Amino acid sequence: MFKRDPNRSYPTETESRVIIRFQDCDPLQHLNNAKYFDYYFNAREDQVAKLYDFNPGQLFQELKTSWVVYQHQIAYVRPARVSEWVRILSRLIYVNEDTTVTEYIMTDDGKTHLKNVLWMTSKYISVATGKRIPHHEPVKQLLEAILVPNIDFLNLNFNDRIHEIKQQVLKLHTI
């Protein structure tokens with residue numbers, strides 16, 4: 001289980017480089033809309049295990065808890081195409097006593113074009129009851145350590161956020 005090291009700084013953003021697979025694409029050679037979720041969740045799971053030494057299976061076994069997806073907001077900005085290398089970034093942008101919001105971003109390999117943005121809202125639940133419960137202390141410690149600071153999520157509009165991310169990508173490209 002996660003134990004916060006007070007002498008360590010934890011990255012708030014994860015990044016993976018992946019290739020878009022043929023079997024995940026539609027006849028137009030675009031990544032199938034539903035497959036974005038698979039790419040995002042697989043990348044996040046790998047990176048969280050690597051960067052934070054955290055395993056959701058361990059959470060399930062030790063605390064008999066898990067997160068369940070409550071809501072998605074997704075924007076398909078540009079298609080990801082078969083055999084294209086892309087970058088997947090993810091970050092925790094909101095936490096309260098039983099809820100998290102993870103932001104996922106997909107860009108081209110050079111990070112010059114935004115392809116997709118996803119907000120995934122998850123609720124922390126007891127596996128035994130299926131009901132929401134407050135995050136346990138070690139889980140709170142992890143979430144506090146990796147939460148992106150200074151994002152006013154409760155006053156943030158999804159479409160405005162997409163525009164903001166596009167501007168960040170554009171700035172990176174022009175530097």
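Student: How many residues lie between β3 and β4 in their hairpin?

Tutor: Good place to start; this is a predicted model, where local features need pLDDT of at least 70, side-chain atom pairs count only at pLDDT 80 or more, and totals for chains, interfaces and linings use all residues. Residues are numbered from 1 along each chain as its sequence is written, and side-chain values use heavy atoms, leaving out hydrogens and water. Helices (H or I, at least four residues) and strands (E, at least two) are DSSP runs, numbered from the N terminus. In the hairpin that β3 and β4 form, the number of residues between them is three.

Student: In which sense do β3 and β4 pair?

Tutor: Two strands pair if DSSP finds at least two bridges between them. Strand β3 covers residues 85-95, and its Ile88 stands opposite Met106 in β4. Over nine bridges, the sense of the β3 and β4 pairing is antiparallel.

Student: Which residue of β5 stands opposite Ile105?

Tutor: β4 also pairs with β5, in the antiparallel sense and over nine bridges. These two strands form a hairpin with five residues between them. Opposite Ile105, the residue in β5 is Val117.

Student: How many residues of β4 are buried?

Tutor: Buried means under 20% relative accessible area, exposed means over 50%, and partly exposed lies in between (1.4 Å probe, protein chains only). Strand β4 is largely enclosed by the rest of the structure, because its buried residues number 10 of the 10.

Student: Is Asp53 buried or exposed?

Tutor: Asp53 is found in the loop between α1 (35-52) and α2 (56-63). Its phi is positive, about 55 degrees, although it is not a glycine. With a relative accessibility of 62%, Asp53 counts as exposed.

Student: Which residues is Asp24 in contact with, leaving aside its neighbours within four places in sequence?

Tutor: Asp24 is in the loop between β1 (13-19) and α1, and at 10% relative accessibility it counts as buried. Contact means heavy atoms within 4.5 Å. Leaving those neighbours aside, the contacts of Asp24 are His30, Leu31, Asn32, Lys35 and Tyr39.

Student: Stepping back, what is the radius of gyration of the protein chain?

Tutor: The chain has four helices and five strands, running β-α-α-β-β-β-β-α-α from the N terminus. For 175 residues the globule rule gives 16 Å, and the chain's value is close to that, so it is as compact as a globular protein of that length. The rule is 2.2 Å times the number of residues to the power 0.38, with the radius taken over C-alpha atoms. For this chain, the radius of gyration is 17 Å.

Student: How far apart do the centres of the positive and negative side chains lie?

Tutor: Lys and Arg count as positive and Asp and Glu as negative, without His or the chain ends. Each charge is placed at NZ of Lys, CZ of Arg, CG of Asp or CD of Glu. The chain has 22 positive and 21 negative side chains, and the distance between the centres of the two sets is 1 Å.
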